[in-house]
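The report below takes them one at a time.

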Amino acid sequence: MLLFTPGPTPVPESVRLAMAEPTLHHRTPEFEAIFKETRELLFELFATDEVVMLASTGTGAMEAAVTNLCQDTLLNINSGKFGERFGKIAQAHGLSNIEIKHEWDTPVTVEEVVGTLAANPSVDAIAVQVSESAGGLRHPVEEIAKAVKEIRPDVMIIADGITAVGVERIDVSHIDCLIAGSQKALMLPPGLAILGLSHAAVEKTGAGKGYYFNLASEIKKQRQNTTAYTAATTLVIGLGAVLRQIKAEGGFGKLYCDTARRAKATRFALEALGLHSYPQTPARSMTTIDDVNASEIRDLLKTDFGVNVAGGQDHLKGKIFRINQMGLIAPYEMVWVVNAVELALAKLGRRDFDGTASRVFNKEFFKSTLNPSSNKEEK
């Protein structure tokens with residue numbers, strides 16, 4: 001079975017083997033050396049002033065960001081379940097909450113955020129998804145952060161990059177907190193979250209808030225290559241192995257280029273079959289298709305062709321399917337997936353199979369090149 005859900009993603013064999021080594025105690029020089037190397041690789045990946053690893057899912061990192069960086073009012077962008085979650089976290093901790101809400105295919109605009117901020121001076125933190133995985137949407141996070149900092153440099157910008165870190169190069173110049181999760185582009189089992197922080201965010205944490213998710217406590221300990229509480233030793237070892245493998249296979253720039261090419265080629269291949277891409281601004285992390293036969297297509301992919309893709313949630317359940325583009329994916333696997341979609345459509349009597357999907361994918365994937373130092377495609 002090919003796992004093509006946008007998290008969890010397949011764990012590479014070399015990484016599974018690294019995590020199968022005998023368990024290390026987390027308070028030993030041996031593990032501290034591994035932690036130090038992994039932390040240094042994370043600085044390279046995030047390009048932020050500080051990084052913190054938490055034994056938690058991504059939601060724990062979202063909670064840590066809100067509780068440590070927001071003291072009064074959180075403005076969250078809700079274009080899906082995960083943008084909505086930021087607001088629920090704020091409310092659970094007794095913080096005031098203002099929300100900009102859109103349909104799950106619609107990105108927020110810079111003007112909306114700036115206008116809402118101007119009308120609500122109590123806002124001291126903004127939370128937004130880089131990639132809203134509920135619908136596969138990309139928000140203009142970098143532009144929002146820049147515009148906000150020009151008028152309110154004190155406002156903390158919290159960016160959920162759980163399905164964006166390791167997918168594309170993110171400009172963190174005006175972002176105070178960038179969140180990642182282990183089971184997405186980092187190709188690990190669930191259970192490890194990472195936050196990249198700006199100097200301003202580190203200062204804002206002060207003595208930190210809460211107990212387990214107290215970022216000040218973690219920053220102090222992790223600068224000493226240990227953790228405040230029990231480290232997720234196996235996952236940290238796996239993370240180091242993943243990051244070393246990415247570097248050995250061409251580096252982060254090549255990973256971003258390959259992901260962008262794969263995402264574009266897959267979308268073009270499926271659109272050539274008459275399918276419709278759901279989000280107005282697609283994220284590179286996944287290809288999302290809305291279709292009257294979404295459930296049937298998804299079922300056929302799994303039962304007849306050995307491909308497991310994700311469906312929709314809430315009001316989109318049965319109306320969309322989502323195909324992962326994150327991580328190290330061989331082109332032949334992606335060709336199998338788009339071929340399987342074309343075969344599923346043939347089984348449903350929608351169109352005859354003629355190999356269109358694979359031809360379009362190969363044409364688009366192999367004609368495109370990207371500059372590894374940027375996100376811009378070169379023709």
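## The second largest cavity

The residues lining the second largest cavity divide into five nonpolar, four polar and one charged, where Ala, Val, Leu, Ile, Met, Phe, Trp, Tyr, Cys and Pro count as nonpolar, Asp, Glu, Lys and Arg as charged, and the others, Gly among them, as polar. Among these lining residues are Gly-136, Ala-263, Arg-267, Ser-277, Pro-279 and Met-286. A cavity here is a set of points on a 1 Å grid over the protein atoms alone where a 1.4 Å probe fits but cannot get out, and a lining residue has an atom within 4 Å of a point.

Helix 10 (251–271) and strand 12 (286–290) each supply at least two residues of this lining, and strand 12 gives the most, with three residues; helices (H or I, at least four residues) and strands (E, at least two) are DSSP runs numbered from the N terminus. About 60 Å³ of space lies in the second largest cavity, a volume being the space filled by probe spheres set on the grid points, which are joined across faces, edges and corners.

## Basis of the model

This is a predicted model, in which local features need pLDDT of at least 70, side-chain atom pairs count only at pLDDT 80 or more, and totals for chains, interfaces and linings use all residues. Residues are numbered from 1 along each chain as its sequence is written, and side-chain values use heavy atoms, with hydrogens and water left out.

## The largest cavity

A search of the whole structure finds three cavities of 30 Å³ or more, and the largest holds about 90 Å³ of space. Of the 13 residues that line the largest cavity, Met-53, Leu-54, Ala-55, Thr-227 and Ala-231 are the closest to its centre.

Strand 2 (residues 50–55) provides the largest share of that lining, three residues, and by class the lining has 10 nonpolar, two polar and one charged residues.

Terms used. 1 Å grid on protein atoms, 1.4 Å probe; cavity = no way out; pocket = protein on both sides within 12 Å on 5 of 7 lines; lining within 4 Å.
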